[in-house]
Amino acid sequence: MSDSSVSTDLSDERIREIESKTYQELHKPSSSFATRDEYLKHELQIMKPKRWQVNLPFRDYRFEFEDAIPAMAATIGKIVMVGAMAAAFAAPLGLGEDFVLQNVRYEMLIAAFLVLLFSGLLLPTSNLPGTHGPLIPLIPLVVAAGGHPLAFGILIGIFGVIMALLKGGSLMSKLTSNGVAGGLLLYLGFVGTIAQVKNMIAWADKIGLPHIAFIIILATIIMYALLEHWQKRWLAVPIGCALAAILAFALGAPFEFKTQPGLPPLSPTYWWGEGTGWTIGLPDLKAFIVVFPFAVLAVAMWPPDFLGHKVFQQISYPERSERTHMNIDDTTVICSIRQIIGSALGGANFTSSWGTYIVPAAIAKRPIPAGAILTAIFCIVAAIWGYPMDLAVWQPVLSTALIVAVFVPLLEAGMEMTRKGKTTQSAAIVVFSSALVNPVFGWSLTMMLDNLGLIGDKERSRDLGLSGRVIIPVVGFAILCIAMGAVGMFPGIPAFLPQFRV
């Protein structure tokens, strides 16, 4: 039995004790608890993260073996997503595989340093700045119109800082009902899962072993169900990736290590040279004008992304642990800083909240900072060693990691959020409108309809006031429609700006 002095049930006396003592005074060994789950909940309740002050391991938080799971998932996700981002730029610019590989290694080192500094030490209420996946399909448009990656990154960072100063991210999350947020998670989870299953099947067909995809996916489903039954779902990433790799190799799928140990070029002048790195030099004024609507759209995509990630902490963490939740405005600040620094140094990454970290971390009931430090270490090791990068981008490992670490948990969270109250109507319209254009359109349109009281909970709408009910949702939707229409994102409607017309 657990010692009553360390119970996770919070009486008024227990709350006063937590408020009056430091983390070190409140910490108890895991052996004092009846279960590991009770210990992890207790750790979340007694942590007191300090914003813009130094938070030190063992004084303000501890490392647990559960922290290695989100760190591993984050590192795999980082290699994959930055690789996709760099490749999206490389193809239209005529850059080769060596550019992609070296820039991914460079970006992992940049990310490691900034993650360690901010999410690990100075601002543990901010989620790690990851990669902006929804931007990847738009990159060829940016390049074709004459946009410059440095101009794009700087503008995203500036707009992000402005949104953080105005607290736009947290405001949007407050105006987004459970129905809207849940529907968004359902859409993203479903689309992502289907895409990875298709990718796995296509890979198996390409290597002439089509049965491998079915076997790996079926084994992953059974594994995930068993871990759920045993309440060990946070182990899904390492076990799932190992299972997929072993099965694929045993069934004859080809694999070899190709990336040698080493360091990428570390000088910004190399990356922004006329004949080296990007081979396009520095941007001019026109390049900034061209990327302006894309930068607006990129930052507008942040709030629903951040909200979707915070939801996992809200449904997984115990009561009275709100201090350890990711702060949307803090995350906006760090993503903006990371974007400006990364782009100025020559990186190809465009950032958003790091989903492959925060989702498994929330499921494992671990706060942000300890896993952030491990993520930084893993990224440095992978970038310098090289060989782990080959394994992470192998299709069975890649698809399995994304399915069990991100997309299936998104589905679960979405269903959890739409289980109670008048939420199903709003959720259905988010899915419908997201399928029509994209998740940003679906989120902004449904939030406007929901807050106007046309769908969803009418009483909630009446409590929002004029600005929350009408002005902010309508103006926000209009701005986003102008930005999306300017670059031709509405099906069947030509781009408003001539340079984006095909």
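Visitor: In which handedness of crossing does α4 pass α17?

Guide: The model discussed here is predicted. In it, helix α4 (residues 68–93) packs with helix α17 (residues 368–385), their axes being 8 Å apart. The crossing in which α4 passes α17 is right-handed.

Visitor: Are α4 and α17 parallel, perpendicular or oblique to each other?

Guide: The two helices pack at an angle of about 45°. Angles under 35 degrees count as roughly parallel, and 65 to 115 as roughly perpendicular. The relation of α4 to α17 is therefore oblique.

Visitor: How many nonpolar residues does the contact of α4 with α17 have?

Guide: On the side of α4, the contacting residues include Pro 70, Met 72 and Ile 79, and on the side of α17 they include Leu 374, Phe 378 and Cys 379. By class, the contact has no charged residues, three polar ones, and nonpolar residues to the number of ten.

Visitor: Is Lys 167 buried, partly exposed or exposed?

Guide: Lys 167 lies in the loop between α7 and α8, and has a positive phi of about 55° although it is not a glycine. Buried means under 20% relative accessible area and exposed over 50%. With a value of 48%, Lys 167 is therefore partly exposed.

Note on methods: Residues numbered from 1 in each chain as written. Predicted model: local features only at pLDDT ≥ 70, side-chain atom pairs only at ≥ 80, totals over all residues. Heavy atoms only, no water. Axes fitted to C-alpha atoms, helices over the stretch in contact; angles between N-to-C directions. Helix = DSSP H or I, 4+ residues; strand = E, 2+ residues; numbered from the N terminus. Parallel < 35°, antiparallel > 145°, perpendicular 65-115°, else oblique. Left-handed = near helix turned anticlockwise from the far one by under 90°. Contact = heavy atoms within 4.5 Å. Nonpolar A, V, L, I, M, F, W, Y, C, P; charged D, E, K, R; others polar. Buried < 20%, exposed > 50% of the residue type's maximum accessible area, 1.4 Å probe, protein only.
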